[in-house]
Amino acid sequence: MVEQGLSLHARQHGVPNGSLGMTNRLWGAAKVAAPVLFGLSVLAPSPLRAAERACQGTLLQIQVNERGTSRSDRFRFSLGLEAENASKDAAMTALNDRLAKARQVIQPLVLGRLTIPAPRNYSIGGGASGPRLERASTTITGEVSRANYDAVIQAAGRLPGVRLQGMTSLASSESSASLADRLLKQALETGQRRSEATARALGLRKVELLLIDQRGSTYRPMAMAARMGEASFRPREAPKPSQSLTLKLDYCLR
């Protein structure tokens, strides 16, 4: 699925005696920034400077926005792990026991290493709500393939003190790169098509691309709801990771 957005602005430059001229007002020298493949939002650097090119005609400025989705091939999961007891030491011991079992069950199903931050302790209950207890907690995060997605959920659901906190759909680097290339191609084609249509409307014949300014490219993994238990989630139903691209283009129409 690809969404497009476009805005344009054209102005004609002239010089005395009726001949066409130019104002040399450009955003900067032409550049195409490498598409951003990872991260939630990364902006391309400012345009590099080079020799300015004259437009002896009508300068057309277009902004093109392209957006598409790519197939997910793996998922990032987050599990919460807790244990409670009357004392901090006992709660921490119980948490470590549960953590060791969770590692043993989940590690064979995941891609790469698990990430487990240092546990934290806090008190709960007390007074009318019941006896005061100490709780120790931590999280387990990692990545799993489409084939083992449901296996991780089912395995975690059978572990005491473990709850699924979230799943995020991720695209492979290859599919992200392919989508970025496709969005760039589509943006350039859209700009060329609109500039040619504008030239025809003005009775002009020549269209020259002066500047390509990639203002930003965004890759966004897609979080999803998932449950532990018998009702399994089908990976093919996961929302697809999305990517967007914005280009500002200058054309000279003559």
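The dialogue below walks through the reading of one predicted model.

Trainee: What should I keep in mind about numbering and confidence before reading this structure?

Mentor: Residues are numbered from 1 along each chain as its sequence is written, and side-chain values use heavy atoms, with hydrogens and water left out. Because the model is predicted, local features need pLDDT of at least 70 and side-chain atom pairs count only at pLDDT 80 or more, while totals for chains, interfaces and linings use all residues.

Trainee: How many helices and strands does the chain have, and what pattern do they follow?

Mentor: Helices (H or I, at least four residues) and strands (E, at least two) are DSSP runs, numbered from the N terminus. Here the chain has three helices and eleven strands, and along the sequence they follow the pattern β-β-β-β-α-β-β-β-α-β-α-β-β-β.

Trainee: Which strands does β4 pair with, and in what sense?

Mentor: Two strands pair if DSSP finds at least two bridges between them. Strand β4 (residues 72–85) pairs in the antiparallel sense with β8 (residues 162–171) over nine bridges, and Leu79 stands opposite Leu164 in β8. With strand β7 (residues 133–145), β4 also pairs in the antiparallel sense, over twelve bridges, and there Gly80 stands opposite Thr139.

Trainee: Which residues touch the most other members of the largest nonpolar core?

Mentor: A nonpolar core is a set of buried Ala, Val, Leu, Ile, Met, Phe, Trp, Tyr and Cys residues joined through side-chain atoms within 4.5 Å, where buried means under 20% relative accessible area, exposed over 50%, and partly exposed in between (1.4 Å probe, protein chains only). The largest such core has 24 residues, of which Phe77, Leu79, Ile106, Ile140 and Met167 touch the most other members. At least two residues each come from β4, α1 (88–106), β7, α2 (149–157) and β8, and α1 gives the largest share, six residues. A second, separate core of 14 residues includes Ile62, Val64, Leu183 and Leu253.

Trainee: Which cysteines does the disulfide join, and where do they lie?

Mentor: A disulfide is a covalent bond between the sulfur atoms of two cysteines, and the criterion used is a pair of cysteine sulfur atoms within 2.5 Å. The structure holds one disulfide, joining Cys55 to Cys252 with an S to S distance of 2.2 Å. This pair links distant parts of the chain, 197 residues apart, with Cys55 in the loop between β2 (42–43) and β3 (58–69) and Cys252 in strand β11 (residues 242–253). The link is right-handed, with 90° about the S-S bond, and both Cys55 and Cys252 are buried.

Trainee: What span does helix α3 have, and what follows the helix?

Mentor: The expected span of a helix is 1.5 Å times one less than its number of residues. Helix α3 (residues 173–201) has 29 residues and reaches 42 Å from its first C-alpha to its last, close to the 42 Å expected at 1.5 Å a residue. α3 is followed by Gly203, whose phi is positive, near 75°.
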